[in-house]
Amino acid sequence: MATWNSRGLRGSALEEYINRTNEKYLESGLALMQKIPTPITPIQIDKENRHITLAYFDQKSTVDYIGAVQGIPVCFDAKECHTDTFPLANIHEHQVAFMENFERQKGISFILISYTKKDVFYYLQFSLLKKFWKRKEDGGRKSFRYEELDPRFFLHPAGGVLIPYLEGIQMDLKTRD
């Protein structure tokens, strides 16, 4: 069973950027995306400050965000990477299975990666994730390198949008079979 503690704050800056981007998209009428909370069971509570100090995850989470972009169902997970090599261990098998089922229902799934040392964001198409995942399952690399990524899917802040993932979705739709 996994426990929750101070590690829960990892990625909070990325989450804040995504939340601000989602607010901007909502205000513009472009998208409705919602953060999916991870269900937990509190074990220890600081009664004086009314804070949970230790908890267990109730179940495996699926993805971080889910919603709709102009009538298209969308789900994505957000990850941070501090080096040029992204370990696939940072993505769980149940998340890949959820995203695959989501895609089968005509939705769009992707991973939004923040490469913190390079200060860039990347839209990892589900199809490319599946390629890397299959390579891992076939006994190959258990990670992928920055150089392996399609440069068209790097996201650059524009028009007051911190992480313009709608540009990634648009490119994703253009490149699908």
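Two strands pair if DSSP finds at least two bridges between them; helices (H or I, at least four residues) and strands (E, at least two) are DSSP runs, numbered from the N terminus. All views show a predicted model, in which local features need pLDDT of at least 70 and side-chain atom pairs count only at pLDDT 80 or more, while totals for chains, interfaces and linings use all residues. Residues are numbered from 1 along each chain as its sequence is written, and side-chain values use heavy atoms, with hydrogens and water left out.

**View A. Strand S9 is paired with S8 and with S11.** Strands S8 and S9 run antiparallel and are joined by 6 bridges. Within this pairing, Tyr115 lies opposite Val120 of S9. Strand S9 is also antiparallel to strand S11 (residues 154–155), with 2 bridges between them. Here Phe121 has Leu155 of S11 as its bridge partner.

**View C. Leu112 is a buried residue of strand S8.** Leu112 belongs to S8, which covers residues 108–115. Leu112 counts as buried because its relative accessibility is 0%. Beyond its neighbours within four places in sequence, Leu112 is in contact (heavy atoms within 4.5 Å) with Ile18, Phe76, Asp77, Ala78, Lys79, Tyr122, Leu155, Ile163 and Tyr165. One of these residues, Asp77, is 35 residues from Leu112 along the chain, yet their C-alpha atoms are separated by 6.2 Å.

View D. Lys106 has a phi of about 70° and is placed in the loop between helix H2 (93–104) and S8. With a relative accessible area of 69%, Lys106 is exposed. Asp119 sits in the loop between S8 and S9, in a hairpin with 4 residues between the strands, and takes a positive phi near 55°. Its relative accessibility is 64%, so Asp119 counts as exposed.

**View E. Strand S5 is paired with S2 and with S6.** Strand S2 (residues 31–35) and strand S5 (residues 65–69) run antiparallel, joined by 5 bridges. In this pairing, Gln34 has Ile66 of S5 as its bridge partner. Strand S5 is likewise joined by 5 bridges to the antiparallel strand S6 (residues 72–81), where Val69 stands opposite Ile72. The S5 and S6 hairpin has 2 residues between the strands, and Gln70 there takes a positive phi near 45°.

**View G. Cys75 and Cys81 are buried cysteines.** Cys75 has a relative accessible area of 0% and is therefore buried. Cys81, at 4%, is buried as well. The structure holds 0 disulfides, a disulfide being a pair of cysteine sulfur atoms within 2.5 Å.

Conventions: Buried means under 20% relative accessible area, exposed over 50%, partly exposed in between (1.4 Å probe, protein chains only).
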